[in-house]
Amino acid sequence: MTTSNTPNNESTNKEEQESPSGFTSKLHLDKHISRRFNEELEQVRTLVMKMGFLVEQQVNDGLRAVLNADETLAAKVIERDHEVNTMELEIDEYCTQILARRQPAASDLRLIVSVIKSITDLERMGDESVKFGRNAIKLAKGSFTEEGSRPLVELKHLGHHVSKTLNKALIAYAQMDVKAALEIIKDDNIIDEEFDNISRLLVTKMMENPREIKNALRVTWCARALERIGDHTTNLCEYIVYLVEGKDVRHATMEQIEAKIER
Amino acid sequence: MNKTDINQIELTETVGNIYADDAKMSIRNANVYYGDKQAIHDVSLDLAKNQVTALIGPSGCGKSTFLRCLNRMNDTIDICRITGQLTLDGDDIYDKDLDPVLLRARVGMVFQKPNPFPKSIYDNVAYGARIHGLTNNKAELDEIVETSLQKAGLFNEVKDRLKDPGTGLSGGQQQRLCIARTIAVSPEVILMDEPASALDPIATAIIEELIDELKEKYTIAIVTHSMQQAARVSQHTAYFHLGKLVEMGKTEDIFTRPSHKLTENYITGRFG
C-alpha cells in the first residue's frame with residue numbers, strides 16, 4: 001500500500017534529491033542583503049513543505065481508511081483537517097506580511113505568489129481527504145467490505161497512483177525541479193482515464209445490483225476525490241514551472257507548454 | 001554549487017529589447033569618458049515616444065551620467081568626452097552647429113533636489129519662456145505660467161501667491177514648480193534625475209501621478225533608486241551595472257521575470 005508520510009520525512013526518495021536544499025540554492029533564497037528577508041522566505045518554504053507533507057499524510061490515511069473500512073483512522077483524518085486549515089491561514093498571513101513589508105520582486109515575488117496559490121490547492125486536497133473519511137465511515141457502517149471486490153481494487157490502484165504522483169510533486173516542489181513537474185503535468189490524463197474506467201465499472205455494478213447503489217456511489221465519490229487530488233497536484237506543478245521559469249503554463253496543451261518553456 | 005559570484009558574470013551584450021517602435025530618442029554605442037576613466041560602455045537604447053523609461057542600477061553604475069548625455073549637460077564638464085550616436089527625432093544632438101541651450105529647451109531636466117531660482121513663483125516659471133523669447137506680451141506670458149503650473153498640478157495651491165518666493169514652498173511643491181518651469185518652454189523630452197528622492201511619500205505619490213499625466217504630452221526618462229517607483233511609473237526599464245546596460249525591457253517583465261542574473265540580484269536585493 002501507499003506509504004504514510006510524517007510531516008517531516010523529506011528524506012524519502014533521498015536518492016532523487018540532488019542536494020539537500022535544492023529549493024534554497026536554486027532560488028538563491030540565502031543571498032539577500034537582508035538576512036531577515038532570507039529567513040522569512042526560508043520560513044515560507046518550510047511552512048509550505050510542512051503543509052504539503054501533512055496533506056499527503058491526510059490523503060494516504062483517508063484512502064487507507066476507505067480501503068480498510070477503518071472508522072478510527074477515518075475519524076482521525078476528519079479531525080486533523082483543521083490542522084491543514086490552520087496552516088493555510090498561517091501561511092497566507094505570513095505571505096501577506098512579506099508582500100506588505102518587503103515588496104518582493106522577480107523570483108521572490110513569484111515565490112510568494114506561487115505559495116499563496118499552492119496552499120489553496122493543498123487545502124482543497126485536505127478537504128478531499130475528509131471526503132474519504134466520511135465515506136469510509138459510511139462504507140464501514142454499510143458493511144461494504146467484500147475484500148478484493150473489483151471496484152475497491154481499482155480504487156486502490158488509482159489511489160496508489162495519485163498518492164505517488166502527489167509525493168513526486170512535493171519532492172519536485174522541494175527541489176524546484178521543472179523537469180519532474182512537467183512529467184507530472186503530462187501524466188495527469190492517465191489519472192483521468194483511470195477515473196473514467198472506475199466510473200464505468202461502478203455504473204455496471206449499479207445496474208447489476210441496484211441494492212448496492214448507495215455503496216457504489218460512495219466508492220464513486222472517493223474515486224472522484226482522487227481525480228480532484230490529481231488535478232490539484234497538476235496545479236502545484238504548474239506553480240513550480242511559474243516559479244522557476246517565470247512562465248504561466250496553466251490552461252495550455254503540452255505542446256504549448258513546451259513551446260513556452262523553450263522560448 | 002549554484003553560487004554566483006557577481007564579479008564573474010561576464011557582460012557581453014544587453015539582454016532584452018532596446019528598441020522602441022516609436023523612438024523619440026535613439027542612442028547607439030554611447031561611450032562616456034571622464035578623463036581616462038570610462039563611465040559608460042557602449043550603451044544603445046531607444047526612448048519610446050510618450051512613454052516613461054526608467055533607468056535603474058546601483059550607485060555609480062552610470063545611469064545619471066547617461067541621462068545627462070541626453071541633453072548635453074555633460075558639456076559643462078571639461079574632462080568629459082562622449083562618443084557614439086545620440087539622436088532626437090533622428091537629428092544628431094551632438095552636431096557642432098546645434099546650440100546646446102536650444103537642445104535643453106527641447107530636452108528639459110528635473111533634478112533630485114528641487115532647485116527653484118531665488119525668485120517669485122511666477123518668475124521661476126516665466127524664466128525660460130522669457131530667455132527663449134517665446135512670447136513678447138504679458139498676457140501670453142501669464143497664460144504660459146498658468147498652464148504650466150496647471151500641468152504640474154500646482155496652480156490651485158499657489159494661484160493666490162504667485163509673487164511669493166518659490167523657495168518658500170514645501171519640498172514637494174518646489175519640485176512641482178521645477179517641473180512647471182521645465183514644461184513652460186514646451187520641451188519634447190523630460191529627463192528626471194531622482195525627482196522624488198528628497199520627498200515624503202505623499203509628495204512622491206503626487207509627482208508619480210504627475211509623471212503619468214505628463215507622458216501623454218512628453219517623452220520621459222527617469223533615473224530612480226526606488227525600484228518600486230520604477231515599477232509604478234515606467235513602461236520600460238533599463239538596468240545599468242558598472243557603466244554597461246545589462247538589460248532593458250518592458251517594466252512588467254523586468255520586475256516579474258528579469259532575464260539577466262544581475263538584474264534579478266539588484267531588484268530583489270541580493271548581493272551584488
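**Where the chains touch**

I started with the contacts between the two chains of this predicted model. On one side, 14 residues of chain B are in contact with 18 residues of chain A. I then asked which helices of chain B each supply at least two residues to that side. They are α8 (227-233) and α10 (261-267). I sorted the chain B side by class as well. It has six nonpolar, five polar and three charged residues.

I looked at Ser226(B) next. Ser226(B) is found in the loop between β9 (219-223) and α8 of chain B. Is Ser226(B) buried, partly exposed or exposed? I found 16 other C-beta atoms within 10 Å of Ser226(B). A buried residue needs 20 or more, and an exposed one has 12 or fewer. So Ser226(B) is partly exposed. I also checked its distance to Glu208(B), which is 18 residues apart from Ser226(B) along the chain. The C-alpha atoms of the two are separated by 12 Å.

**Chain B as a whole**

I noted the inventory: chain B has 10 helices and 11 strands. Then I checked its overall size. For 272 residues, a compact globule would have a radius of gyration near 19 Å. Chain B has 19 Å, so it agrees with that expectation. The C-alpha trace of chain B spans about 70 × 45 × 35 Å along its principal axes. Buried residues make up 46% of the 272 residues in chain B. I looked at contacts in chain B between residues at least 6 apart in sequence. Of these, 69% join residues at least 24 apart.

**The four-strand sheet**

I traced an open sheet of four strands in chain B, in the order β3-β2-β5-β6. The pairing is antiparallel.

I went through the pairs one by one.

- β2 (residues 23-34) and β3 of chain B are joined by eight bridges and run antiparallel. Here Tyr33(B) stands opposite Gln38(B).
- β2(B) also pairs with β5(B) in the antiparallel sense, over eight bridges. Ser26(B) has Thr87(B) in β5(B) as its bridge partner.
- β5 (residues 80-88) and β6 of chain B run antiparallel, with two bridges between them. Leu88(B) stands opposite Asp91(B).

β2(B) and β3(B) form a hairpin with two residues between them. Gly35(B) in that turn has a positive phi of about 65°. β5(B) and β6(B) form a hairpin too, with two residues between them. In this turn Asp89(B) has a positive phi, about 50°.

**The seven-strand sheet**

I followed another open sheet in chain B. Its seven strands run in the order β1-β11-β10-β4-β9-β8-β7, and the pairing is mixed. Which strands of chain B are at the edges? They are β1 (15-16) and β7 (107-110), each pairing on one side only. Inside the order I picked out β10 (residues 236-241) and β11 (residues 244-250) of chain B, which run antiparallel and are joined by six bridges. His236(B) stands opposite Lys250(B) in β11(B).

**A helix in chain A**

**Confidence in chain A**

I ended with pLDDT. Chain A has a mean of 88, and 89% of its residues reach 70 or more. In chain A, confidence is highest in helix α3 (residues 71-102), at a mean of 96. It is lowest in helix α1 (residues 22-26) of chain A, at 76. Over residues 1-20 of chain A, pLDDT stays under 50. The model still has 29 contacts beyond four places in sequence for that stretch. Where pLDDT is low, the predicted coordinates should not be read in detail.

Definitions and conventions
Residues numbered from 1 in each chain as written. Chains lettered and ligands numbered in written order. Predicted model: local features only at pLDDT ≥ 70, side-chain atom pairs only at ≥ 80, totals over all residues. Pairing = 2+ DSSP bridges. Rg over C-alpha atoms; globule rule 2.2 N^0.38 Å. Contact = placed C-beta atoms within 7 Å. Nonpolar A, V, L, I, M, F, W, Y, C, P; charged D, E, K, R; others polar. pLDDT = per-residue confidence, 0-100.
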